Amino acid sequence: MSIVFALATPASKSALCVFRVSGDGCLKVLGSIFGNPPIEPRRFYHSSLISQSGVIDSVGVVFFKGSSGYTGEDSFEVYAHGGLAVMGSVVDLFKELDFDEAGPGEFTKRAFLNNKLSLSEAESVVDVINASSKEVLEVSLNSLSGGFSEELYSFSERVDTLRKFIEGSIDFSDEDYDFIKEGGVVDDISCLCADFGGFVNKCYLAGEGELKKMVLFVGPPNSGKSSLFNRLLGSDRALVSDIPGTTRDLIESEVFYNNSSFGVLDSAGIRSTEDVVEGKGIELTIAHIKDVDVVVGVFDSLCDKELNKIKALAGGKNFISVLNKSDLGVFNKDGLFDVLVSAKNGDGVTELKNKISLVSENAGPDGQKYFARSRHIKLFDEGLGFLEAAMFKLRSGSDVELAAEDLRFARASFDEVVGVKTSDSLLGDIFSDFCIGK
Amino acid sequence: MSNEYDVVVVGGGHAGVEAAHAVYRSGLSCALVSFSYETIGQMSCNPAIGGLGKSHLVREVDAMGGIMAQATDMSGIQYRTLNTRKGNSVQALRAQCDRELYKKAIQDTLKLTDIEIIEGEVIDLLSNKESVFGVLLADNTEVRGKKTILTTGTFLNGIMYTGQDKIQGGRVGESAAIPLSRKLYSLNLPMGRLKTGTPARIKMSSLDLGLMEEQKGETPTPWMALSEHPTEHQKQLSCYITRTNKNTHKIIKKNIHLSAMYSGNISGIGPRYCPSIEDKVFKFGGKDSHQIFIEPEGINKDLVYPNGISTSLPKQAQEDFIYSIAGMENSQIEEYGYAVEYDFVDPRSLNPTMETKFFKNLYLAGQINGTTGYEEAAAQGLMAGANAANKIKNKESLILERSEAYIGVLINDLTTHGVTEPYRMFTSRAEHRLMLGQDNAEQRLLIIAKKADLVSEKRINSFEKKENAYNTFLENSIIKRKVKSFIDSSGKKIDLKEKASIETILKRTDISRENIIEISDTGPENLLFLDRAMVEIKYSGYIEKQKREVLKNKKLNLKDIPKNFPYTSISGLSNEVKEKLNKTQPTTVGAASKIEGVTPAAINLLLVYIKKAELETLDA
Ligand SMILES: Cc1cc2nc3c(=O)[nH]c(=O)nc-3n(C[C@H](O)[C@H](O)[C@H](O)COP(=O)(O)OP(=O)(O)OC[C@H]3O[C@@H](n4cnc5c(N)ncnc54)[C@H](O)[C@@H]3O)c2cc1C
Ligand SMILES: Nc1nc2c(ncn2[C@@H]2O[C@H](COP(=O)(O)OP(=O)(O)OP(=O)(O)O)[C@@H](O)[C@H]2O)c(=O)[nH]1
Ligand SMILES: [Mg+2]
């Protein structure tokens, strides 16, 4: 079985996060990713965790050989610091090593298959797997307006149709029929890429079973977005500094308040910038505005030009303007801002929370939205990548067999929902649609 | 009278001769029993070897010491590479052959061996309840063998149809194998009927080729065989292309009720990719013209094979519609088209070694397993022969993976999914086709073949010499040299911001071959190596990905599903999937995962339930 990994602790605020890796052969990497690789099994070691780009974190690590661990196969666990940046780097490292992200119940399933669980526990394994296979459909019920799996089915059909023409052009090249041209393949794949891209954009990460409203913090650099974000979370998750442009990626977390929860996103400050890396972060911010429900603009000056610029960026989204650093004596002149706060001493933060939860409750969806599991979103993203790769090749008219391979992989990203497409049924489609053969 | 051999092969078609030859090469004694010596190596249908998916099989058979590729080269009268504008892995060579010369090449090759050829009809198997130990001929001779391989093609209870006429026989002018069919039915092997058809044969001199489009062969003329071929090609001939027209279709429609296939006489299922002209006209009414390839039957033969108009219409109607085609108005028909219906054995009753699950020492290969085509037959014959020999010698079974060879795909498809129509190979059946080029069959298979005693030390040595030369080329090659600009395949000059190696450029985009030759001043002696390197680099990223896929599937393929597994009891499987599993009865979890519509979650459930069943039996 392949090597899989998963975050064993919740993917939100925590002091510590634990990653589990399991699968025969996984111990081979210990020597290369740990500065002080563990030597004895079942003993806890302290070590640095290293990727190609340097040290990720200082971590605890313990490994198990074969049947001694939970899954009954070679496995190890990494205890890292719970920051999202660290979590992200660890995930990237594991993916680079070609480990797969574990599906729901994967570890328990493996434990069961390797005789680590009793027969009576089998039912619970089945339940988990069943839940995961139904999950796609449940997610569609959760979605604000259904149609999730229907859309996926129709995309997979469109991929199948394209493959029909492309495989036809390969296997029946001496027929007097130009599959690629007559099939309108080049136009179709372009449309498919655009449409599927739109679909992927409509897919949002589903929270633990409930809909989560997303709140994005934007504003000029150094206005105190990260500080306010940390204040809301009650922990130091985002990097705070007095150098403008400190936050470069989006940082996400979840806030629980009044029995409801909302996701908050901290972002890079918005201004025209020379720094290439930061520039990317800002693009990301702007791109994310359309995905969130509420935009919170954070300012530390009364400059209404800044305010209007950012309000404009927020478009039609619910917008809350916040004036920060009240402890420094700034005041809300003419009630220009919705809330006055101090991230430093916490003044006004409760009022802000109330406002956010009030506004986010009313925040209706703009257009259709689907809530999907991260695994599916990842699959769809990959699928889109394969479709685009195929599109480039088909447009240039070269490497048709590689485009065919891209499409085969793209189709595989629908397997979890739609089930596999066999080559025999693909051939069947070709024979029933085209007069082929001698 | 009774003779005893290591292996007895029944049938002198493409499967039979490869089976016998494989046994011979592995050093064991072999008898080949066939109706008549004269028809050994006979091409029943069109006089061509190769094509997409098929030349891949031929080259693999060649790399494993088979004789089909060499016989093709001894008789090839026109060669064409298909898909030249597509990438290397999906290019395929197709060769027209002189039908007589092909047969002669096969027969001559067999003469050089100590294979005992016995003329006669096999009417019975010598068997007890669980195993087979030879065959009985119509003249009461017993031919005993430790292993018996049946390769009886279209002959088992074969019935030929032309219009309302119906005669017994497996091929025009030959008889059918009736008693043997009865015997197999009596053994309760799972069997069914399939059908196929063939067009009329026409005198070349009666055609007006001037009205047709000429299709010349490729120059320089390539070879089918990878390393050992004759010094010179046969005389090369052209093919011609003409088309059916509205009038042709009108005639066919008028007579359709007389067609054997449409009047309900035939129940067997025919290949959808080899439709009769009746099918083309009826199922695809929208098209009012279909292509016909006029293929010469041989160098000294005044006969052509009109590829594309196979039919089971009565003779008069065949004449009428043929006369309506441009250039064929004055056709002199030498032989009429016909359809043939025959018994086949469900190949799911075979192990991957081609031995039947129900009877020890009985192997089946070729069209008897529901396939169609010479190449498919040859590949199975070789594998059956090699496995029978290996078993006698107590050697490991010879089983090729889907990722190793088209032969692996063929046998895996047959033995796990069975057939619903005559099975033909296509490149799209091979999910790992990027790794399985027709040019790299030796790299993939020669060593495996050596282990099974199928190829000589000499061939291995010369192969290794070639490989070493290639590796030296790669090491010193300029492919690693960095350049600042290059010319892409459309002739555009591209300037790079930063120097990059030719290898890197090749991986990302297309650089013109001429340009590489120029930059690297590769001499003509190294051009083949350069081409190979270009392909390998271009595919490398994809192949890495495929290799990972293979590794992932490996464990699933090894996990067996118990016989008669109660799929209906698995909660969480959709009824549709349950039904498919029940019908297919896959033997491994890997096979189950390749059934249409099955999801990864379904496979997970299956794994858990299999485990549960195992634990329950332990508890009990
Ligand atoms: C009419 C017709 C049309 C076809 N059309 C196509 C086509 O369109 N496309 C395509 O790819 N393929 C076609 N084929 C199939 C192709 O010819 C076969 O797939 C291929 O020849 C099968 O090889 P084989 O070795 O399995 O059997 P065959 O080549 O059929 O050889 C069978 C051998 O067994 C011998 N034999 C049979 N029974 C006995 C017995 N009881 N005792 C002794 N000897 C016996 C026969 O004499 C013969 O030598 C067609 C075949 C026929 C007959
Ligand atoms: N006095 C005071 N200082 C604050 C307050 N909020 C933030 N600061 C300070 O302002 C500076 C910038 O804070 P950050 O939270 O990093 O600002 P930011 O908007 O996230 O900045 P970028 O990520 O760089 O765009 C830091 O030095 C903070 O300590 C506040 O309420 N009062
Ligand atoms: Mg910040």
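Predicted model: local features only at pLDDT ≥ 70, side-chain atom pairs only at ≥ 80, totals over all residues.

1. Let me start with B:P220, which sits in the loop between strand 14 (213-215) and strand 15 (239-243) of chain B.

2. B:N83 belongs to the loop between strand 4 and strand 5 of chain B. As background to both points, most peptide bonds are trans, and most residues other than glycine have a negative phi.

3. In chain B, three strands in the order 3-5-4 make up an open sheet with antiparallel pairing. Strand 3 (48-50) and strand 4 (76-82) of chain B each have a single partner strand and stand at the edges, so one side of each has no neighbour in the sheet. From one strand to the next, the twist averages 20°.

4. Now for the pairing inside this sheet. Strand 3 of chain B runs antiparallel to strand 5 (residues 92-97) of chain B, and three bridges join the two. If you want a pair to look up, B:G50 has B:R94 in strand 5 of chain B as its bridge partner.

5. Which helix lies across strand 3, strand 4 and strand 5 of chain B? That is helix 3 (residues 68-75) of chain B, which runs at about 115° to strand 4 of chain B.

6. Next comes the other sheet I looked at. This open sheet of chain B has four strands in the order 11-10-19-12, and the pairing is again antiparallel. Strand 11 (165-168) and strand 12 of chain B are the edge strands, each pairing on one side only. Direction ignored, neighbouring strands here are turned by 25° against each other on average.

7. Within that sheet, eight bridges link strand 12 of chain B to strand 19 of chain B in the antiparallel sense. Along this pairing, B:R193 is found opposite B:D343 in strand 19 of chain B. Helix 5 (residues 178-186) of chain B lies across strand 11, strand 12 and strand 19 of chain B, at about 145° to strand 12 of chain B.

8. Strand 12 also takes us to the ligand. There are 35 residues around ligand 1, and those that come nearest are B:A15, B:C45, B:V122, B:Q367 and B:G373. By type, the shell divides into 13 nonpolar, 19 polar and three charged residues. Strand 12 of chain B gives the largest share of the shell, three residues.

9. Some backbone contacts of the ligand are worth a look. A polar backbone atom of B:G12 is 3.2 Å from an oxygen atom of ligand 1, and one of B:G13 is 3.5 Å from an oxygen atom of ligand 1. At B:G197, a backbone N or O atom lies 3.4 Å from a nitrogen atom of ligand 1. How much of the ligand does the protein bury? Ligand 1 taken alone exposes 990 Å², and 96% of that is buried by the protein. The elements giving two or more residues to the shell are helix 1 (14-25), strand 2 (30-34), strand 12 (191-198), strand 19 (338-345) and helix 9 (374-392) of chain B.

Definitions and conventions. Residues numbered from 1 in each chain as written. Chains lettered and ligands numbered in written order. Heavy atoms only, no water. Pairing = 2+ DSSP bridges. Axes fitted to C-alpha atoms, helices over the stretch in contact; angles between N-to-C directions. Contact = heavy atoms within 4.5 Å. Near = heavy atom within 4 Å. Polar contact = N/O pair within 3.5 Å; in protein donor to acceptor, adjacent residues only side chain to side chain. Areas by Shrake-Rupley, 256 points an atom, 1.4 Å probe, with all protein chains shown as cover. Nonpolar A, V, L, I, M, F, W, Y, C, P; charged D, E, K, R; others polar.
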